[in-house]
Structure formats: C-alpha cells, structure tokens
Amino acid sequence: MDAKARILPNGEAAPAAVLDSPTNPMVTPLLTDLYQYTMAYAYWKAAKHNDRAVFDLYFRRNPFGGEYTIFAGLEECIKFIANFKLNEGEISFVRQSLSGSCEDGFFDYLRELDCSEVEAYAIPEGSVVFPKVPLMRIEGPVAVVQLLETPLLNLVNFASLVATNAARHRFVAGKSKMLLEFGLRRAQGPDGAITASKYCYIGGFDATSNVAAGRLFGIPLRGTHSHAFVSSFMSPDEIIEKSLKSSDGSTNCEDFVSLVHTWLNKIQAVQWSKSSNGMFGQTNHSELAAFTSYALAFPGSFLALVDTYDVMRSGIPNFCAVALALNDLGYKAGGIRLDSGDLAYLSSEARKFFQSIEKEFRIPGFGKTNITASNDLNEETLDALNKQGHEVDAYGIGTYLVTCYSQAALGCVFKLVEINSQPRIKLSEDVTKVSIPCKKRCYRLYGKEGYPLVDILTGENEPIPKVGERILCRHPFNESKRAFVVPQKVDDLLKCYWPGTSGKPRVELPSLKETRERCIKQLEQMRPDHMRRLNPTPYKVSVSGKLYDFIHFLWLNEAPVGELQ
C-alpha cells in the first residue's frame with residue numbers, strides 16, 4: 001500500500017510506507033507485551049525515549065537436535081516496521097491499560113510515533129543461520145525499538161522454526177521426492193496454518209493443500225479427495241452423466257462407466273490367471289463408482305485415495321481400470337495416495353502391479369505411476385521408509401510438520417547491545433545467556449572446498465576480513481577454543497532492509513520463490529556432516545580477537561565484585 005509522506009518535527013519529509021501491511025491484520029503496534037508500553041512511558045518520563053539504541057535479535061540453540069536453522073519471517077517484520085503507526089483507537093486502549101498517572105504528553109508522543117528514525121539490518125530471509133549470530137539488528141530511538149521487540153520475535157520465532165522443520169523433512173526425503181504440506185486442519189489456528197504453509201514452502205516443500213495460502217502467496221496447490229468421497233457412493237448407478245470427451249476434444253466417449261468396467265474385467269482376467277493365492281477377487285464397486293465419478297470431474301488430474309476398503313484387492317485394481325480408460329481418451333492419471341497401512345510394503349506392491357499393467361497391456365510409462373503417501377508422517381517415518389525400501393514418489397505431511405511437534409519454540413531473544421554509542425552486555429550465571437555487546441558486523445568465511453567454515457562477529461569499525469588473509473577466530477566465551485582461518489570467500493551477512501531517513505540504500509525484499517531458491521541453494525552449500533540427522537558436527541560461530549578482548553573487559557567491568565567475610 002502507498003502512504004502519503006508525513007512531515008517530521010525537524011521539517012523533513014518522512015519516507016512513505018511503500019510496502020504492503022503484514023499478511024495478518026492482527027499484526028499491529030498492540031501485538032506486544034504490556035511491559036513494552038510501560039517501559040516506553042518510563043523512557044519518555046525520563047527523557048530517554050530518543051536515546052539511540054541498538055538491539056540484536058538472535059537465538060541461542062539450533063532446534064530439533066540439529067546444527068542449523070533457516071531464518072524466516074523477515075519480510076513480515078519489514079512490512080510491520082514500514083507501516084508502524086498507532087491509530088486513535090489503539091492509543092485510547094493503551095491509555096486505559098496504563099496507570100492513570102501517565103501524562104497526556106506521552107500519548108501525544110505515541111500519536112506521532114513511527115519508524116522513520118529506525119534502521120533495520122538483517123541476514124537475507126531463507127539463509128542458513130546459527131546461534132548467537134544476529135538475524136536482525138535494529139537501531140533507533142530506544143522507546144520505539146522496544147515497542148518493536150515482541151512483534152518481531154513473534155514474526156521470526158515460529159516462521160524460522162517451521163521453515164527449519166520443513167528443511168529437515170526435505171533433507172531426509174531427498175531431492176527427488178515431492179513434498180506436500182497437508183497440515184491446515186491440525187495447525188494451531190488459522191494464523192498457525194497460514195504461517196506454516198508459507199514457511200514450509202520456503203523450507204523446501206513443493207505445494208500445499210491450503211487454498212488461502214495458495215491465494216495469498218502463490219504457492220502451488222495439491223489435493224484430491226477424502227475417504228468420505230469414496231464411501232459416499234453406493235453403486236455405479238448413481239453416476240448420471242457418463243460421457244467424456246477425449247483430451248484433444250476430437251472424440252466423445254458416450255459411456256465412460258462401461259469403458260471402465262471393460263478395463264476392470266481385463267485386469268481381473270489377467271490377475272486371476274497369474275494369482276495362485278486368490279488375492280485378486282471382486283473389487284468394491286462403490287469404490288469404483290467413486291473413482292469413476294471423480295475421473296469424470298477431473299480427467300486431467302485423476303488421483304485416487306486407494307485405502308478406503310482394501311488397497312491391493314480393491315483400491316489398486318479399481319484405480320488401474322479408471323486410469324486405463326482415461327488413457328484410451330488421451331489422459332494420464334495423476335496417481336494414487338496411500339493413507340494407512342505398511343507404506344513401504346504397499347507402495348512396493350502397488351509399483352509391481354503398475355509395472356505388470358504396463359507390460360501386459362503395453363502402456364508406456366504406466367509402471368511409473370505416481371504414488372503418494374500420507375498418514376501422520378514425520379522425519380523418523382521418512383528415515384524408516386528409506387531404510388526399509390519403498391516406492392513412494394511424494395509425501396503428504398501435516399501434523400508433525402506444521403505443529404513442530406518435536407520442539408515447541410525456537411527461543412529467539414532481543415537484546416540491547418549498545419545505547420548512545422556505549423556498548424552494553426547482559427550477564428548470567430548461564431554463560432549461554434551472556435550477550436555479545438556493541439554494534440557488530442557479521443561475516444561468513446568459506447574454505448577451499450566451497451563450504452562455509454565459520455561465522456565471525458567483529459566490531460563495527462574493524463577491518464573487513466579479506467580473501468586469502470589469515471584471521472584469528474575465537475570462541476566468544478571459551479579462551480582455549482580458537483583457530484586461524486584463511487578464507488577463500490567472505491560474505492557480509494547483514495543487509496539494510498529498512499534505512500528510515502538515514503539515506504542508506506535499501507535492499508529490496510525478494511519474492512517468495514526467490515527466498516525458497518535461496519534456502520535450497522544455501523542448504524546445498526553446507527558440509528554434509530553439519531546436516532546429518534544423528535550427531536551432526538556443530539558449526540563454528542566465533543568473534544574476532546579484538547571483540548573477544550572487549551567482551552571480557554566489559555564483562556569484568558560490569559560484574560559485581562563479591563566480598564568474603
């Protein structure tokens with residue numbers, strides 16, 4: 001949306017909001033914790049609200065027992081920053097929610113508040129990221145940046161978690177399999193579902209069943225029918241309109257139902273002659289009616305759910321009869337879906353059946369008919385199927401994917417690292433919770449084989465690491481962990497996505513497809529031992545020697561000195 005330029009108190013024009021609002025209309029300045037407004041008032045009361053602050057948004061531990069994370073949610077964050085503005089109704093509610101002693105001047109201040117003085121730097125969305133490295137660096141007046149904290153964390157935490165979950169499922173499934181996100185009905189509410197669909201796509205899934213997400217984001221849609229559709233039919237007599245035109249429109253089959261039955265009789269004749277165990281008998285004709293009816297509705301994309309009654313005795317033969325009838329008219333069936341049972345065994349048996357049909361009736365390519373599997377799949381299930389051997393071409397994954405069943409939250413934090421050019425540090429008895437102070441630059445150093453070796457944080461004014469020049473990389477808190485690195489390539493990770501009125505060039509937000517492609521490319525660049533499911537090698541995150549010395553100087557300076565009696 002375009003917004004008219006406003007005039008700032010200093011007479012300069014504030015930049016117009018040229019970005020759309022966040023996808024979810026609930027993402028407003030009120031989508032925050034109360035203490036952000038109580039602190040904003042306290043800053044204002046102390047005349048500190050315009051102090052220039054720098055905050056880092058980062059996480060402390062990779063999710064799902066892995067050693068990498070996918071950064072997601074940036075686009076929504078930048079849209080929120082670009083459109084940050086309280087309306088009168090929101091200001092009125094903030095007034096009601098705070099103490100009655102709050103002065104009117106504070107609400108006048110809120111009335112004029114926007115993010116024109118804020119600068120937002122971030123690692124590009126879809127990047128592979130690691131603990132302690134700032135995903136975003138937000139600079140600006142401390143009160144307004146504090147008001148951004150909770151919504152930014154909300155927009156990044158789940159988005160990054162579910163994108164990482166999707167990437168892990170993609171890694172286990174392999175590049176050749178199609179992954180379909182089927183989690184809408186099991187997701188945590190409408191926003192959880194929409195968010196999951198978007199970020200599963202970024203993480204490497206190919207399509208979604210979520211129609212709303214397809215409309216909002218342009219994600220490819222996939223879906224066929226449920227068991228209810230199959231069981232709703234009682235007999236082929238229910239099919240009234242039986243005619244079907246050929247795919248090129250040149251001919252018309254007046255009785256497609258009879259054509260299907262003809263093919264079923266041929267299939268059964270062949271199978272009876274080859275079967276010694278009586279496995280192939282009469283199929284369920286109400287199921288056949290459902291498949292036929294669905295094929296008449298969608299002849300160009302017929303895909304059948306074959307486990308309503310019996311996969312091998314009924315579902316597969318019935319599907320093949322309809323598929324072969326469609327083939328006579330120039331159509332190619334989309335395949336089958338298995339939603340229960342032993343997926344490894346059933347997919348293998350189905351493949352053998354398709355191959356026998358191809359050979360017996362000389363139908364080129366029929367043996368490669370697509371097999372989709374669903375039924376509460378997760379990483380472990382996919383891994384088990386790979387070990388057992390299977391013939392599944394596509395996976396429909398829902399509950400465990402979109403709810404991030406194996407880990408509830410990523411745990412991103414938003415910490416003050418500098419105010420009025422003075423570095424600040426947050427100390428803790430738990431060393432993992434000690435923050436890395438000051439405004440920093442972040443670089444990714446690559447080795448001779450093209451893999452990333454280490455991410456290094458430096459002070460803002462330190463020299464940029466150079467290709468071919470040795471640099472000392474130190475663990476931020478462990479004195480003995482250090483190494484020299486001679487990088488063959490250096491990436492400057494933090495880009496400016498919102499410059500405010502600083503005049504700095506702004507990096508344009510990429511399309512969803514471009515973000516997905518970035519994610520896939522970055523994952524391919526990672527060293528395999530960092531990616532494996534079991535006992536992955538930790539990726540190194542370090543600081544420069546100069547920043548290491550400063551961290552520990554500030555630590556000692558800020559930590560109280562005890563006294564023994």
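Ala-120 stands opposite Ile-138 of strand β5. The model is predicted. Strands β3 (residues 119-122) and β5 (residues 136-141) pair in the antiparallel sense, over four bridges.

**Sheet and helix**
- The open sheet has six strands, in the order β15-β14-β1-β5-β3-β21, with antiparallel pairing.
- β15 (422-423) and β21 (495-498) are the edge strands; each has a single partner strand, so one side of each lacks a neighbour in the sheet.
- Helix α5 (residues 142-173) lies across β1 (52-58), β5 and β14 (413-419). The helix runs at about 155° to β5.

**Domains**
- The domain assignment gives domain 1 as 34-168 + 407-558 and domain 2 as 238-371.
- The centres of domain 1 and domain 2, taken over C-alpha atoms, are 54 Å apart.

**Largest pocket**
- Its volume is about 920 Å³.
- 34 residues line the largest pocket; Phe-182, Ser-209, Gly-223, Arg-337 and Ser-374 are the closest to its centre.
- β6 (178-181), β10 (303-305) and β13 (394-397) each supply at least two lining residues. β13 gives the largest share, three residues.
- By class, the lining has 12 nonpolar, 16 polar and six charged residues.

**Second largest pocket**
- This pocket holds about 740 Å³ of space.
- Its lining has 26 residues, and His-475, Pro-538, Tyr-539, Lys-540 and Val-541 lie nearest the centre.
- At least two lining residues come from each of β18 (471-474), β19 (482-485) and β22 (540-544).
- The lining divides into 12 nonpolar, six polar and eight charged residues.

Terms used
Residues numbered from 1 in each chain as written. Predicted model: local features only at pLDDT ≥ 70, side-chain atom pairs only at ≥ 80, totals over all residues. Heavy atoms only, no water. Domains from an automatic or database assignment. Pairing = 2+ DSSP bridges. Contact = heavy atoms within 4.5 Å. Axes fitted to C-alpha atoms, helices over the stretch in contact; angles between N-to-C directions. 1 Å grid on protein atoms, 1.4 Å probe; cavity = no way out; pocket = protein on both sides within 12 Å on 5 of 7 lines; lining within 4 Å. Points joined across faces, edges and corners; volume = space filled by probe spheres on them. Nonpolar A, V, L, I, M, F, W, Y, C, P; charged D, E, K, R; others polar.
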